[in-house]
Each structure stands twice: as structure tokens, then as C-alpha cells.
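I opened my notebook and went through this one step by step. Here is what I looked up, in the order I did it.

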Amino acid sequence: MSSQLIFYILSALSIVSALFVVFSRSPIYSVLSLIVCFFSIAGHYVMLNAQFLAIVHIIVYAGAIMVLMLFTVMLLNLNKSTEPHKTNLTKIMAIVSGGLLMLTLLASIKAEKLGVYKAPEVSDIGYVQNVGMKLFTDFLLPFEISSVLFVSAMIAAVVLAKKERN
Amino acid sequence: MESPETTQNWYLLLSTVLFSIGVMGVLFRRNALIILMCIELMLNAVNLLLVSFSAYSGNTEGQVFVFFIMVVAAAEVAVGLALMVSIYRNIGSIDINVLNKLKW
């Protein structure tokens, strides 16, 4: 019963902070509430017995990506006064279409007869040894290719952000 | 809800809501940086869905997929932010309504 309570609290936290990301006036508050949202999703991973992914999620998202985003917000000097806004009609259309998408997805979930899975009582599939075993046997080639992707992304970032000389 | 434990339908519901909030943010904002953040939000909704399916069906492969999605998201953010810095340096704004040269 307590796990369900934790689930509700984490869900409310993640949904509210996701709404703050969209609706807050200043970009810096959007970044900060996105960090809160990522931490609550990491909490969900822990609840789902995916401890390795929870740690990786915190390191990659809260540690790397959001710091990069925060630096960019400060580098570009974005604040409330420079924030562009859409017209009210476009905003209403955006909210209506997002809500319609959510309705469609929820209706399709409701129409689909999903098999009811019971979560296993004691699960060790999220441990580092099991995920790592899978990663280095069945998924070895994608793992190596992702390192090539990282090198190319790094070079691309440096080339794109470099100041042109003329 | 019959069983006292959290069933998977709640995770489906939560992922759907988070994904829709991300889509709404992409349509709602004009700041390109916030659009990038909303794309991250959508990726995370899908990640949560994959992890819940992995946990409830007792299969590790879903978690490996999430690992690879994180890899691609990190590369995407690095390149996207470099593009944004470059655009800001040339144009002086990252308002997406200013970037309309390729619009028909």
C-alpha cells in the first residue's frame, strides 16, 4: 500500500513539474522544474526495480544534460523580458490539440485489452550485472556503434559552436 | 482497481500524460530551447513506458533500449545546443518565428 502512495506522490510531482516546464514565464524556471521532473522519473525507475537505470538517468540527465541547458540559458542571456510569446489563439489551439492527443491515446489504451502483468515480488533484472550482461552479449554491436555516435556528436558540437573567422 | 499493488495501467496513464504535456509544450512555446526541453520530456515519457513494460514482464531488454535512448538523447542535446548557440550568434534570437527562411 505504501508503494502505491509513493507512486501517486511521484506521479503528481512529475506531472506538476512538467506543466511548470511548459507554462512558466522564465526559461530558467523551466530548466529547474525539468530537473525536478527528471528526479521524480528516476524515483519511478527505483520503484520499478531498475536501479542501474535510475542512477544512469540521474547522472546523464540531471548531471550532464541539464547543466548544459542551464549554461546555454545563461550564455544566451534569456530571461522573462526576452521571452517571445505566441498569440492567444495559437496557445489555445496548442492546448486543445495536446489534450486531443492525450484523449486519443487514453481511449486507445482503454480499448486495447492489455494482459495484466503482475510485478514479480523479488526482481533482479534491473541490477548492474544483468543489464551489463545483456549489454555486452546481445547488444554489443549497438553499444560499440553508440560510441561512434558520441564521437561524431562531439565533433559536430565543436564545429557548430566554433566562432567563424570572417 | 482490484489489486492493491500498482498495476501497469497507471504507468501507461502517467506516460501518456507526460508525452501529451511534451507535445503541448512544443506547440505552445516559441523559444527553441524550451522546445528542445519538451522533446526531452517526450523521450522520458517513452523511457518510463519501456522500463515499466520491462519490469512487469520480467525482461531486461527494455532497460537496454532505454539505455540506448539515453545515449541518443545526450548526443542530440549536445548538437542541438551547439546549433542554438550558433543561431543566437548569427541572428541574435532563438525565437522560432524569426527562423522562417525555409518556410514556404
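I started with Arg29(B): a polar atom of its side chain lies 3.0 Å from the backbone oxygen of Ser24(A). I counted that by the polar contact rule (a pair of N or O atoms within 3.5 Å; within protein, one must be able to donate a hydrogen and the other to accept it, and residues adjacent in sequence count only if both atoms are side-chain atoms).

A note on ground rules: this is a predicted model, so I keep in mind that local features need pLDDT of at least 70, that side-chain atom pairs count only at pLDDT 80 or more, and that totals for chains, interfaces and linings use all residues. Residues are numbered from 1 along each chain as its sequence is written, chains are lettered from A and ligands numbered from 1 in the order in which they are written, and side-chain values use heavy atoms, with hydrogens and water left out.

Where does Arg29(B) sit in chain B? I found Arg29(B) in the loop between helix 1 (8–28) and helix 2 (32–57). Helices here are DSSP runs (H or I, at least four residues), numbered from the N terminus. Arg29(B) has 4% relative accessibility, so it counts as buried. The cut-offs are under 20% relative accessible area for buried, over 50% for exposed, and partly exposed in between (1.4 Å probe, protein chains only).

Next I listed what Arg29(B) touches, leaving out residues up to four places away in sequence: among them are Val21(A), Phe23(A), Glu83(A) and Lys86(A) from chain A, plus Ile34(B), Ile35(B) and Ile96(B). Contact means heavy atoms within 4.5 Å.

Then salt bridges, meaning a side-chain nitrogen of Lys or Arg within 4 Å of a carboxyl oxygen of Asp or Glu. Asp95(B) pairs with Arg30(B), with the closest N and O atoms 2.3 Å apart. That pair links distant parts of the chain, 65 residues apart: Asp95(B) is in the segment after helix 3, and Arg30(B) is in the loop between helix 1 and helix 2. Both ends are buried, Asp95(B) at 9% relative accessibility and Arg30(B) at 16%.

Which residues are linked in a network of salt bridges? I noted Lys134(A), Asp138(A) and Glu61(B). Lys134(A) bridges to Asp138(A) with closest N and O atoms 3.4 Å apart. Lys134(A) also bridges to Glu61(B), again with 3.4 Å between the closest N and O atoms. This second pair crosses between chains, from helix 3 (residues 61–91) of chain B to helix 5 (residues 128–137) of chain A. Glu61(B) is partly exposed, with a relative accessible area of 28%.

I looked at helix 4 of chain A too. Its buried residues are Lys91(A), Ala94(A) and Gly98(A), and they pack against helix 1 of chain B.

Last, the domains of chain A, whose bounds come from an automatic or database domain assignment. I have domain 1 (2–112 + 121–126) and domain 2 (127–166), with 24 Å between their centres, taken over C-alpha atoms. In contact are 6 residues of domain 1 and 4 residues of domain 2. The two domains bury about 480 Å² between them, 63% of it on carbon and sulfur atoms. Buried area is the accessible area (1.4 Å probe) that two parts lose on being put together, summed over both.

Conventions: Helix = DSSP H or I, 4+ residues; strand = E, 2+ residues; numbered from the N terminus.
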